[in-house]
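Below is a colleague's note on the structure shown here, arranged as numbered points. Please read each point with the coordinates open beside it.

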Amino acid sequence: EWCSGASLRQRRGRTGRTNPGVCVRLFPKHVMDEIADFDDSGVERAPLVRTTLMAAHLAQTLNDRPVVRAGLAVELPGRGIGRVAFWAGPLLGWHISLVEAEEGTSLQNITSIEDQMQLVPVDAAQMLALLPTPPREDRVKAALAELRDLGAMATDQVPSVLGAACLKLPVDVPFGRLVVLGWAMNCPCDAAILASALSLLPSCDVLRTPFNAFGELSADDMKLLRKTVELRKIADGGNFSEPLTIHRLCRQWLDTGGGLGGSPNKVQWWRLVHQRLWTQFTEKLVEIVESLIRIAPASSQSTVQLAAMLQRIRGVRGVPDLHWSDPPRLAALLAWALAPLGFVAVGQTPALYGSAGGYSSFAKVVDKNGGSVANSICWPQETLTVAREVAEVHCRLQWAAQDVDGETYLGIESEERGDRIAMPEPLEFLCRICGPFNGKKTYVPTGGVRRQRIRPPRHPCRLNWYMPRRDGAGMKEVQVSWKSQAETLIHVPRPRDRTTRCRPKRLLVASGGEWHTSGGRRSVVLRGITLLPADDGGRSAVLQLLAAGLPRERKFVALAAPVPQSSADDFEVRALRLWRRTLFLSRKDPITRSDLHSVNNFRSSLDQLQQRRAHRLAGTWQVIGSDEVRYMECVDASAHGRSAGCDEGALFVSGGSVSLWLWPESHAKWSVETAGEAGLTSHAQVSAVEEDPPGVLRWSDGSRWERQHALDSEEVVLQALSPQIVQSFCDAAEEVLSITTARSNAVPGDDDGVRRWPGRLIPVYQDGNAHASSLPGRSLVPLNLSSMESQLKVFASRLSEADIEEAGTGSGSDAEDDSDDDADADCPVDVAQERVNEEYMWRVAQESDWGPGLRCDPRDLCFVESALAMPTNAVCVKCEQEGKMFSKAQLSRHPEDRFCQDCVRTSLVSVSQPAGELPPAKGAVVQTTSAPVVCSACGVQLTRQNLSDSQKKKTPSRRRCNDCVKADATAS
């Protein structure tokens, strides 16, 4: 990104401040002509979400308490609409500039007193337009859309209680949402720690990282890096989550007594902590806890826990033990709080697809040397000598080999038994050895004064990650941070993993992403990663994401089927079409009808919580002269059929024997109706209520209510949520947590022996008849299960006993050989049916004529899981172009190791072609020499890994490998 012309002139003046000279700018003149004259304002550069929420809150305040102020729009009867300019004095009043004059009136500047004008209601966009440099309209619309997805807006222009609470918390809106939902789920201490951890910049980490400007690591740096890698793995505890890692470190610090100031000296790992990041983390944690205590009800158990935690942080002794939640519960909380941001990714290993990514040759070399795939690694573009020299310093080598293509393979001896989902610690360290320099070539010591410049090794079984695009056009390839444990996640495929319909995959949720540029290529690196459960083939992860309101398109296609020997309305979902990818579920762990009902219950309860609006009367009220307590909430009046004259919102009163609705008639007067099972009825004794004075309600029957807290008290914020709404959300969350716990400890892929009916494609939409607010396109509207039930009921009536599939039969059965033999590692996976015409698929799913022998016969349906490890659009690392042709093996490689077919062909030609000859024309047949080209010094075969570009330009008789070139340079 280029700076502005003003910045260029300022820097030129700075360099010539003491002496005259000449300023030379080394870039093309056309770039200078395109550079902007001035930098964008801070509003244009910074994220606009929190600023827009503040503008909406300010607009609501101005509308609730109408007072004439400069810059606001006013209406003058008989003249038109104008904008207040300035105060002209007590005699003249306000100076107003007309912007919309009535017919027969000219636009002019006039003066008027306040009694002769009426304020025009304002919204967030109008408040932002008053800034010296207003933001663009599209950015304001995008910010409002994100606030609606996060539940911070109850209507298009009015903040919700959740949004008002986020403004009181010293974190970004998504992390404020995390804190509020954690408070509602009775785990406020855990939520405060997670929000503080996710607020860390540039990454969610508090440990030290060696770094310098020379791209080299000393022996001390290597020791520090090794210790931090070991500590991250221990603190992670197998959760594969960056915020949960910091959560566990913080718990250990609090259990040892806490204490602010500097490093946590009471824990064993205090020397590995980055002091500035730890101070930033603890200070932010104190700010979050203090703010949450101020806005939460003082009498709640959560407030007591927060107060005890604050004392622990400050080092006070004798504090009672704190209550902590288990990691699965916190992972679900992170998913529900962060998923609306859209930073969700699905990962899969390319090793599932036969020889893709070099796994076939890797497995053969490992088997030949008697090693284990989990304890072995591939080191591309490095010679055997260099790889062995570097690896022997940090681990015990069991074997080392190099194939005919020049790929180097290493196997280590480890006390930690390698499994199929994680690498042992020595291999984790080797894979992260270049992490401090973003994976670029790094100088590392190899013993004594020797050092080598290397790139990090790769494991062929690592996962490739893909995130849904915001525009709904498929998925985009992303990467995870090298500090995250997810970077070391692998999956060693079994033979059945390649033939089962539900291939192993993982889903994660992140707090954000960053653009990283390397060699002209831009990639997205996710931040604040948390992996979701995967023990049941992805069923629990999908349910948690559906409960959070995904997908963003608010519709998807499912492969569903009725269940034999059950109720007529019962069904199961076997696959989902999300983000233009097909995700199959395990045969023994489908999504059932009751699971979707639990998801709908969670969506409804969370949506009701997010619909509660911030209002000056919302909160807890005390009936004067009695011990009775009432809870008053503000909801959108249009959602209950009262659109006219209800811009202020309706008030719902609960806590007594009768629930009441208060409909606004004026700024301080409401009509009263009873809310019962028979609907809304007029109250027999109370017909109206009026606020007089502020903070006191005077009812028409003579009773008076008084607010328990002052109007300016921050405790009123979360008191605007009644205990019934909070408890309903907490119960719904517990219900979803109970169904997303792994239900079986059996080996994934085993058949459960149940006979099943065939399935059909069915569209899944949001329920248009559900209780909805005025917000268009809300993501938390429950799914329309009644439509699914009716369509599947008709489909089941057309099936017979002859159509039932026997257990373990049919295409895509999960019952496969459970041996660990990799003899069929080259077995290809048929991906010919993965290209789906989305429009045609939707037409088929919406078709009602489903059944054996009908237009849509389920026996003719071909619906297979997508190759999730393969990118749809790859970028070549050499030519840096997108849209080129890639082989299957290249597509499944790491993004930094992919070459298009043109570059692969060019590389092969440049090795075998004599110097001075021109490359063949495009499309011509490439003639290569039959004898391999060897080093003129040592005789080793030359490949693209051990031959530099300068040596390629020489004649074959004078070419030397990289080792011989380095040896000559060292000798000289």
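1. I begin with a backbone detail that deserves a check by eye. R580 has a relative accessible area of 43%, and because that value falls between the limits of 20% and 50%, this residue counts as partly exposed. R580 is not a glycine, yet its phi is positive, at about 60 degrees; the residue is placed in the loop that runs between β19 (571–578) and β20 (581–584).

2. The model is a predicted one, and its confidence should be kept in mind throughout. The mean pLDDT of the chain is 83, with 86% of the residues scoring at least 70. Among the elements of the chain, helix α9 (residues 188–198) has the highest mean pLDDT, 97, while strand β27 (residues 679–682) has the lowest, 50. Over residues 915–930 the pLDDT is below 50, although the model gives this stretch 14 contacts beyond near neighbours in sequence. Residues 744–750 likewise stay under 50, with 12 contacts beyond four places in sequence. Where pLDDT is low, the predicted coordinates should not be read in detail.

3. Strand β10 (residues 442–445) and β11 run antiparallel and are joined by four bridges. V444 has Q452 of β11 as its bridge partner. Five residues lie between the two strands of this hairpin, and G447 in the hairpin takes a positive phi, near 115 degrees.

4. The next item is an open sheet of three strands, in the order β7-β9-β8, whose pairing is antiparallel. The strands at its edges are β7 (376–379) and β8 (396–402), each of which pairs on one side only. On average, and with direction ignored, neighbouring strands of this sheet are turned by 25 degrees against each other. Four bridges pair β7 with strand β9 (residues 408–413) in the antiparallel sense, and S376 stands opposite G411 in β9.

5. Two helices can be described together with this sheet. Helix α15 (residues 359–368) lies across β7, β8 and β9 and runs at about 125 degrees to β7. Helix α16 (residues 384–394) also packs on the sheet and touches β7, β8 and β9, its direction making about 170 degrees with that of β8.

6. How do helix α4 (residues 49–64) and helix α7 (residues 161–168) cross? Their axes come within 10 Å and cross at roughly 115 degrees, which means that α4 is roughly perpendicular to α7. The crossing of α4 and α7 is left-handed. The contact is made by R50, L53, M54 and H57 on the side of α4, and by G163, C166 and L167 on the side of α7.

7. Helix α7 is mostly covered, since seven of its eight residues are buried, namely V161, L162, G163, A164, A165, C166 and L167. The cover over these buried residues includes α4, α8 (173–184), α12 (275–295), α20 (593–611) and α21 (716–719).

8. One runs from L201 to P202, with omega near 10 degrees, and P202 is found in the loop between α9 and α10 (219–236). Another runs from L550 to P551, with omega near 0 degrees, and P551 lies in the loop between α19 (539–547) and β18 (555–562).

9. Finally, K888 is a residue of helix α25 (residues 888–891). Is K888 buried, partly exposed or exposed? At 36% relative accessibility, K888 counts as partly exposed. K888 and P350 are 538 residues apart along the chain, and their C-alpha atoms are separated by 9.6 Å.

How values were computed
Residues numbered from 1 in each chain as written. Predicted model: local features only at pLDDT ≥ 70, side-chain atom pairs only at ≥ 80, totals over all residues. Heavy atoms only, no water. Pairing = 2+ DSSP bridges. pLDDT = per-residue confidence, 0-100. Contact = heavy atoms within 4.5 Å. Buried < 20%, exposed > 50% of the residue type's maximum accessible area, 1.4 Å probe, protein only. Axes fitted to C-alpha atoms, helices over the stretch in contact; angles between N-to-C directions. Parallel < 35°, antiparallel > 145°, perpendicular 65-115°, else oblique. Left-handed = near helix turned anticlockwise from the far one by under 90°.
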